[in-house]
Amino acid sequence: MPSATLLGQALISGVLAGGLYGLLAMGLSLSWGLLRLVNLSHFALAFLAAYLVYELGTNYHVEPWWSAALIVPAMFAIGVAQHWLFDKFKVNELASLLITFSFAIILEVGIQLYWTADFRRYETEYATRSLKAGPFYIPILDLTLCLVAGALAWGTWLWLRCTYVGKALRAAAEDPGIAAAYGVDHKKLAYLLSGIGAAYAGIAGTFIALIATLAPAQIWAYLGVVFAVVIIGRLGNPLGALLAGLLIGASESIAMAVLAPAWAPVVSFSVLIAILLWDPEWL
Amino acid sequence: MNANGLSRLGAVVAIGVLGFLPMARLPAFYDSFLYLVFFWVSLSTSWALLSGFAGYFSLGHAAFFGVGVYVTADLTTKFGWPFLATLPVAAALPALLALGVGAIVFRLRRLRGELFALLTLSVTFVIATIILNTPIDGGGGIFMSAVPLPNLMPTPTGTIYLLGFILCVASLGIAWKVVHSRLGMGLFAIHDDEDVAEAKGVPTLRYKLIAFALSAAIAGAVGGVHAMYVGFITVSGTFELTVPLYVVLMSVLGGARSWFGPAIGAAAITALLYAFISGGEAMVGRAIVGVILIAAILWLPDGFVPAVKQWLAKRRRATPPPAIAEVAPVMPAIKPVSDKVLLEVRGATKRFGGLQALGGVDLDVREGEILGLVGPNGSGKTTLINVVSGFYPLTSGSVKVDGIEIGNLPAHQIARRGVARTYQIPRPFVNMTVLENVVLAATFGMEHSSPFKWGGGSVIRDGGVMSDTFDAAHDPSVGVRRRHLPRRRGRSASEIRDEALHWIGFTGLAGKEEALPAALNLHERKFLELARALAAKPRLLLLDEVLSGLNPAEVDNAIRLVRAIRAQGATIVFVEHLMRAVVELSDRVAVLNEGKLFALGAPREVMRDPRVVSIYLGKAYAA
Amino acid sequence: MVDRVGAWRRRRVLAGMMGGAATLAAPGLLRAAPSGKPVRVGGTLSLTGFLAQTAMLHKIASEIMIEEINGRNGLLGRPVEYVLLDDQSKPEVARSLYEKLITVDKVDLIQGPYATAPILAAMGVAQRYGKVMIQSSMGIPKLQTYDRAFPATPFGSEPDVTYPNVILDAMATFPAPPKSMVILTSKFPSAQFMALGMKAQAEKRGVKVPLYLEYESGNRDFGAIAARIKEANADFLWVGSLGLESNLLLEALRKLDYKPKNHFHLYPAPGPLAVSADGDKALCSTFIEPDEPFMSRPGMKRIAAEYKEKAAKANLPYPTIDAQACGMVAEWQILEAAVNGAGSLEDEKIAAWLRKNRVDTIYGKARFDGPYNHGDAAQLIKQVQNKEWKVVWPKELAAPGVKLIAS
């Protein structure tokens, strides 16, 4: 039986690691839930951002936070441009999935052409610092990630929930006709939202550069788990996405602490299946 | 020989030639490449059976494929089974898995598309992890070089080719058969509106399970052959997430609602992926494939096959279709209301959580009667219709039709006992033409039959061959005559089509047979609801506010129509707010208030009852 | 910005290619230039897809070797032409492409692809057409069941027995020989194969294995695993890792303020582990490094220099030649020796020659007369010292002045 320290540490590590799932899921959840567009290229955009952070940091010694300040607006612009394409061609949910899948392939190739397929690792001092709390260690970078994700999720959630704009957006997701009744330009809002979603990919990418493996094929590594997080967290709900991310991260980590680590996916996906079958109201 | 026969002959010749192609001893690469085309065609076609036809978008196709791969890999290497003997198991086990998964997830109350996609995806991960961590694989991979391959063809690659080809023909054959059968019709209806499909008599759960199991069985058998083709099996290579994504891409690009659309998509994309294999251009080639795919989806959002069909249809429309079917003459004879009780509701209660929508309603409806059901908003009228038609299960109480308890039967079985309904806001199957909508109701209403029975499906798919039945459509008595026949099994497609055309004419929709519901106005859509209900030849017809939203002339028209329906022997319960219609049409009126039967009697008396007036207009006014 | 840099890089690559062509044309080596109809050698690499990380190094190594061979006498006096296809990291594609190479393109000879699954898929094709196939990256020798398949890398026929003992021998020389060992491995077939061997041999020699863990290949979060390793606190940590898994694991350990006493890594990406702050003193498997005594082997200096130049041009992050790239070099060396030695392009004769003769490769003398056509095992241990990989074991092959450092 694993010790309490081990379990506690696994829980802390897992919850914090789940922050990345949540952060990646948030942008996806917004565009899927509120625009009815499934953006698979979200992952490719995040990795593009990560590679840019890596490039600026390794070759030009730019601090990742300054890189992010450049990259996130650029991602916003890419998101807007993507939406222009979706809007012009009146793309539906399924077609958006396939178009962005193809777009992700193109981005993957682009990344490989410039950075090669070889593994890249951005060495920073941020990656390994920890706070000590009793017998437990809290990695500062992961904690920062969770706090940023939490702030973004909370802010976006409040914005959607409490402001006129947010209400109109949610109404438009249910029925575009109603948005017109609100007297809100739904189209402009959709561009804004698409940009925000891509900007979140940029923020997620900044953290990916600091904590994860960089290789072009890694674009697909997060797809399954983040897709699950998006749906469990309820489409269009950034706070739900983050919480679901933390839940999956924690369940994976606890499973790795108690069982053979290779069994972890069974545990986290069984948790998912159980939640779906239990079919709670909030889902 | 007609065109149909020619194309059939062509198919037979093509199958024969392709089947014996390895005999020609082409370079093995061509056998191999064509095998991979067949492989993707089979996978994408099988995916479309459930996900394309019924709209249940699965991301778990790799799970069924992968189980098939490992069945063959394990049985041949660990248990010494001959390769061919493993294939039936490789098909059966995934089918059982699909039935198990389906039996659980299809019962979920709010199974939305994305939930189904996630569930199937999760199943893939769970199965992959189990295989990885148990002796099924264990992590080391399975090497199959020692497994003997039967010599069905002169070369080993030829043998694999032949097996792939057989599976490909089988998948296309199954898809064709499904599309041209009741099963396919039912699946297309489920795609558009599952609740309505169920209410029209489609056994939705069973059909979804059959489609799911078929889809999984094909994927599994394909996996079994593919294990032999690949030769070294690993979990990460087998359960790759890009497999389902490519399958979806191929199906959608070709046209996932057509039986051969996925095949076209699969062939095109496989060829495209092989166009850039040389070392110098591999990477750029991959990007070009991406660009081509994006362009294809943007310009052909529904897929290649529907786009071609539309284009052909446009060309054909140059010759205007002949005017067909007229409004049926209204039968003047009014049958007396018999004493026999057709619908017997006792203590019907329906609760939603804490909210009580029906609080013990007792109601008898006699055969041949028109019963008006009125009451203020929220009094439980529509809930009563939903309970009787089986959309909601009863919380307690009983509902009997003709003495048989139906209170807890699934909706499609209630429909087949002769209960039909309409919806207050019309809910046509949006991707089906008016004719197809009515044919579906005619096929599934009041009849039991095997899902593979040849039915009206061919009408739906081959819209162009209608002309030979127009004569029958002109005879308004066809449908009426048949209505009095006992339940008949195995009506032919053309009989069902005749009936459908009759009811389209009867409701005044003649000339709109080939229109999609989106092209109809509200009035026409309401009448389409009626035509669908009538085509089921109901003994009990439940009408939910058919008159709301119609202008006075249309209301008169509709009232005449309801009378005509009753004249043919149907018993009618109708919910209505328009008092003029209630009084004109009803033999009796039942008033519901707060989920309870409040008053019952002759229309004029009930409507004058001060208590009834008070619940409509407020107590003070009545006093 | 990305675009501009990309364009600039394309120009550079183009210039590089022209430079390569120039080298080829220049009569740098005073031999008879090969002439006549080229000998076409076909092969695939995973240029795209999830195995693509190492394809570029193999491609560069091949280009260098073709220039080398053509700069000498070619194959039987004829120039070599390399027909390279992309198997997209998929064994089913690899199979069909080898069929294409053999039956449509009708190449004279074939070279093996990279990684176990594509190699086995290609081996089946080679077997059906009786082609000799030389491969360099299959870590499970017993799967090489085809009698005309030859390994270019000196794994030996039972690396799961021999190599763990090399490690245990090295451990035994530590001032305080480790008494316990945590074994952690990816469930990647060749890594898991070695981990199981390591466990068996360690226990046989009295080293306790208090913790043996397998994680899914491509695992992202090592937090919980790190906590378990910390708790087990063994004297030695053996990691069956691929790619960056070792970096992620070591970082996760440091987040818990734990530094493993001694740690070994099986197949990590060499560059990132060497420069990582946590990689110091890390041990790793290798067959060769660009140092003495290996630099004295015939051709090694020239090849290493050329590799460095080409790899830098291709923007590879770690432009130093390593054991992976050398595997491809050895493949070509063996093919060249066998074809010229047998005096024939016939596979039967080439295979027969290889079974009877020894070949001088960049890895040393290779023989192919043992089980599964494998010869002697020559797997070494290298260590990160001052952010560079240095061979430390066995002592006679250690870099000059470099010793195995225990912590």
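Visitor: How are the residues and chains labelled, and which pLDDT do local features need?
Guide: Residues are numbered from 1 along each chain as its sequence is written, while chains are lettered from A and ligands numbered from 1 in the order in which they are written. Because the model is predicted, side-chain atom pairs count only at pLDDT 80 or more, totals for chains, interfaces and linings use all residues, and local features need pLDDT of at least 70.

Visitor: What are the domains of chain B, and which element gives the largest share of the side of domain 2 that touches domain 3?
Guide: The domain assignment, which is automatic or taken from a database, gives chain B domain 1 (29–313), domain 2 (335–418 + 538–623) and domain 3 (430–537). Taking two residues as in contact if their C-beta atoms, placed from the backbone, lie within 7 Å, the contact takes 12 residues from domain 2 of chain B and 15 residues from domain 3 of chain B. Helices (H or I, at least four residues) and strands (E, at least two) are DSSP runs numbered from the N terminus, and the elements giving two or more residues to this side of domain 2 are helix 16 (411–416) and helix 23 (552–567) of chain B. The largest share, 3 residues, comes from helix 23 of chain B.

Visitor: Which helix gives the largest share of the side of chain B that touches chain A?
Guide: In this interface, 32 residues of chain B are in contact with 33 residues of chain A. The elements of chain B that give two or more residues to its side are helix 5 (113–133), helix 11 (242–254) and helix 13 (282–299). The largest share, 12 residues, comes from helix 5 of chain B.

Visitor: What percentage of the residues of chain B count as buried?
Guide: A residue is buried if 20 or more other C-beta atoms lie within 10 Å of its own, exposed if 12 or fewer, and partly exposed in between, with C-beta atoms placed from the backbone. Chain B has 27 helices and 12 strands, and of its 623 residues the share that counts as buried is 54%.

Visitor: In what order do the 6 strands of the open sheet of chain B lie?
Guide: Two strands pair if DSSP finds at least two bridges between them, and the edge strands, each pairing on one side only, are strand 8 (419–421) and strand 12 (596–601) of chain B. Strand 5 (residues 370–374) of chain B runs parallel to strand 11 (residues 588–593) of chain B, joined by 4 bridges, and 4 bridges also join strand 5 of chain B to strand 10 of chain B, again in parallel. The pairing in the sheet is mixed, and the order is 8-9-10-5-11-12.

Visitor: Why is strand 10 of chain B largely enclosed by the rest of the structure?
Guide: Both faces of strand 10 of chain B are covered, with B:Thr571, B:Val573 and B:Val575 buried on one side and B:Ile572 and B:Phe574 buried on the other. Strand 10 of chain B is largely enclosed because the number of its residues that are buried is 5 of the 5.

Visitor: Which residue of strand 10 of chain B is the bridge partner of B:Leu541?
Guide: Strand 9 of chain B and strand 10 of chain B pair in the parallel sense over 5 bridges. In strand 10 of chain B, the bridge partner of B:Gly372 is B:Phe574, whereas that of B:Leu541 is B:Ile572.
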